[in-house]
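This report covers a few local features of one model, starting with its charged pairs. Please have the sequence and the coordinates open.

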Amino acid sequence: MTVEATTERVLRLLALLQRRPSWTATELATELGVTDRSVRRDVERLRAVGYPVHSTAGVGGGYQLGAGTRLPPLLLDDEEAIATAVSLRLASGGTVAGAGEAALRALAKLDQVMPARLRAEVRAVHGATATLVNPGVEIDAELLVTLARACRDAVRVRFRYAGRDGGERERTVEPVRMVTTGRRWYLMAWDVDRDDWRTFRLDRMRGVTATTWRFRAREHPDPVAYVHRSVAEAPYRYLARVRVHARPDQVRELVPPQVGRVEDDRDGCCVLVVGGENLDWVAMHVARLGFEAEVLEPPELREAVLRLARRLTAMAGNARPATPRLSG
């Protein structure tokens with residue numbers, strides 16, 4: 001076999017090891033069309049050039065690509081390369097502090113080595129896509145990494161948290177998952193002091209430290225649904241439920257998840273659950289959707305709707321039609 005063929009096979013082996021956490025020698029041999037002995041020799045070639053390939057003997061054993069001192073080259077197929085390039089373009093305008101510049105550097109490297117046909121596809125996608133500037137709060141990338149590792153390793157986290165009143169309090173939590181709404185980042189965690197699940201905004205955290213205290217994972221609600229409910233409902237003085245005479249998907253297009261929750265209902269309708277400090281604002285927000293609706297709760301919202309109706313009626317009454325001018 002030629003040196004070129006051997007090199008190509010070793011690169012294919014590296015790509016397979018990057019695709020999933022663990023492979024048996026037989027599985028790799030089948031994918032590469034060689035013997036188990038050839039797989040072992042190719043693994044040694046990878047190790048010789050610095051790739052930490054770990055092996056486990058016995059039943060259930062196999063090969064696994066470990067973490068090295070430096071990030072090894074990633075071998076991407078066509079679909080992965082396009083997806084990565086498009087994602088990097090989107091990340092250049094994201095809400096993670098410093099990620100925009102880093103994404104542009106990575107995109108420049110990828111663009112330099114990408115085949116012309118793939119580069120053209122990526123640019124076509126980019127040219128046909130417009131991204132609204134997001135007014136969200138930037139989050140330090142180090143904070144994301146610290147919390148992501150704590151979630152992965154199941155270790156407690158301590159930090160100071162700024163409440164709605166502006167005061168800061170020490171918190172100790174067992175983190176489960178980070179969730180982003182597009183504008184803000186949130187952490188769902190078990191609050192050790194309050195003995196309950198809580199949602200924390202990352203931009204309100206200060207002095208975040210991952211401890212060495214490991215915790216046993218407990219049963220928890222779905223993180224996305226929990227954060228959605230907390231963001232849309234919990235922080236507000238009023239919680240309104242309104243039946244909207246429209247399909248759920250129509251209302252979800254108009255109501256962002258951080259503003260309200262849309263529940264399926266009977267007869268092609270849905271129920272909008274939205275929180276607010278001011279019921280007049282809630283009434284106006286629901287009216288602006290442009291669908292027929294009926295208030296389910298609270299009763300005070302009906303009064304706010306009547307106030308809004310009187311104001312609009314008064315505005316319409318003041319708009320007198322222009323008097324035609326007579327020529328003569």
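Which side chain meets that of Arg247 in a salt bridge? The partner of Arg247 is Asp249, at 3.1 Å from N to O. A salt bridge here is a side-chain nitrogen of Lys or Arg within 4 Å of a carboxyl oxygen of Asp or Glu. Arg247 is partly exposed, with a relative accessible area of 44%, and Asp249 is also partly exposed, at 38%. Salt bridges that share partners also join Arg241, Arg261, Glu263 and Glu297 into one network.

The model is predicted: local features need pLDDT of at least 70 and side-chain atom pairs count only at pLDDT 80 or more, whereas totals for chains, interfaces and linings use all residues. Residues are numbered from 1 along each chain as its sequence is written, and side-chain values use heavy atoms, with hydrogens and water left out.

**Salt bridges**

The structure holds 23 salt bridges. The table gives three of them, with the relative accessible area of each partner; buried means under 20%, exposed over 50%, and partly exposed in between (1.4 Å probe, protein chains only).

| Pair | N to O distance | Arg area | Asp area |
|---|---|---|---|
| Arg194 and Asp191 | 3.6 Å | Arg194: 36% | Asp191: 0% |
| Arg198 and Asp196 | 3.3 Å | Arg198: 29% | Asp196: 34% |
| Arg247 and Asp249 | 3.1 Å | Arg247: 44% | Asp249: 38% |

**Strand pairing**

Strands (E, at least two residues) and helices (H or I, at least four) are DSSP runs, numbered from the N terminus. Two strands pair if DSSP finds at least two bridges between them. Strand E10 (residues 238-244) pairs with strand E12 (residues 270-276) in the antiparallel sense, over seven bridges. Within this pairing, Arg241 has Val273 of E12 as its bridge partner. E10 also pairs with strand E13 (residues 293-297), again antiparallel, over four bridges.

**Helix H2**

Helix H2 spans residues 25-32, and its buried residues are Ala25, Leu28, Ala29 and Leu32. Seen down the axis of H2, these buried residues fall within an arc of 100 degrees, so they line one face of the helix. The arc is taken from the directions from the helix axis to the C-beta atoms. Just after H2, Gly33 has a positive phi of about 70 degrees.
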